[in-house]
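Please open the model in your viewer and keep the sequence panel beside it. The tour below moves from one selection to the next and says what is to be found at each stop.

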Amino acid sequence: MSDEGKDSWPSFIQDAVNDKNHFSLIVESERKLCDLCDYLYFRDNVLYFHSNELGEMSFNFEEILRYHQRQNYALSKEPLAKALAIKGETKRIIWDATCGTGKDSLLIHHFGATLTSFERSPAVFLLLKDALRRFPVNFNLVYGDARLIGDSSSRPEVIYYDPMYPTKKKSALARKEMRIFKEMVGSDPDSLEFLEWAMTKATERVVVKRPLEADPIKANPTVSYTGKSTRYDMYKIF
Ligand SMILES: C[S@@+](CC[C@H](N)C(=O)[O-])C[C@H]1O[C@@H](n2cnc3c(N)ncnc32)[C@H](O)[C@@H]1O
């Protein structure tokens, strides 16, 4: 591991450390950026999250977008595009309330939408900012709880919501990447409350991503769109 110091940090990390951001990181050494954990550091121009048990993680938007570009998606067949009602003519105004690794945001962006994505975990937000710095993509990334920020913003047509799902049993352990992510974020215990708020904020629909076997967060979605391992529960706003 090379030993890069403060001089090489991009300005958004300097700002987070100097409290010019929405939160402040306490730096224990020039390489280690976070006090709660052992885990944020900057190396070879990339910001990483490091889990002692599981290893490191960074986000690479270029790889993901190139993958989507090769897929030739038919919007009329893609469960996520159908759930969000993206049809390719006019660009829908969509909020991704739970940006996470940015994968779903990148897919929604690729399908075509005017997208704003929210992330409330400081560590995840910084990884996302770093991914956007290395590979700029045209969506608006906002730090903070979508509900708190959204309260004072104009209304989107669609809110997309993908909260953390409780850990699976040991026999069905998730992929290493997902386990590292879970270590970084924890859980989202406020999902029903959030969904009820989202249904008062979106003008047209709210879409919730769930594992196939999981119950809906709120009973009786208007329609559910099912993919290979995922279900999108859509709640239409009347
Ligand atoms: C399951 S992950 C989302 C995964 C994401 N769809 C992806 O493609 O990687 C949930 C993420 O949303 C964030 N989150 C949960 N509730 C939120 C809220 N109300 N506002 C902003 N971020 C939220 C969590 O911190 C976590 O990073």
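Helices (H or I, at least four residues) and strands (E, at least two) are taken here as DSSP runs, numbered from the N terminus. This is a predicted model, in which local features need pLDDT of at least 70 and side-chain atom pairs count only at pLDDT 80 or more, while totals for chains, interfaces and linings use all residues. Residues are numbered from 1 along each chain as its sequence is written.

Next, select the ligand and the 20 residues around it, among which Thr98, Gly100, Thr101, Lys103 and Asp104 come nearest; a residue counts as near a molecule if its C-beta atom, placed from the backbone, lies within 6 Å of it. Helix H4 (103–111), strand S5 (113–119) and helix H6 (146–150) each give at least two residues to this shell. Colouring by class shows 8 nonpolar, 4 polar and 8 charged residues around the ligand, with Ala, Val, Leu, Ile, Met, Phe, Trp, Tyr, Cys and Pro counted as nonpolar, Asp, Glu, Lys and Arg as charged, and the others, Gly among them, as polar.

Now move to helix H2 (residues 61–71) and pick out histidine 68, which lies in it. Is histidine 68 buried or partly exposed? Histidine 68 counts as partly exposed because it has 15 C-beta neighbours inside 10 Å. Leaving aside residues up to four places away in sequence, histidine 68 touches Leu106, Leu107 and His110, a contact being two C-beta atoms, placed from the backbone, within 7 Å. Between histidine 68 and leucine 107 the C-alpha to C-alpha distance is 7.1 Å, although they are 39 residues apart in sequence.

For the last stop, select the open sheet of 3 strands, which has the order S1-S2-S3 and antiparallel pairing; two strands pair if DSSP finds at least two bridges between them. At its edges are strand S1 (40–43) and strand S3 (55–57), each of which pairs on one side only. Strand S2 (residues 46–51) pairs with S3 over 3 bridges in the antiparallel sense, and histidine 50 stands opposite glutamate 56 in S3.

Key:
A residue is buried if 20 or more other C-beta atoms lie within 10 Å of its own, exposed if 12 or fewer, and partly exposed in between; C-beta atoms are placed from the backbone.
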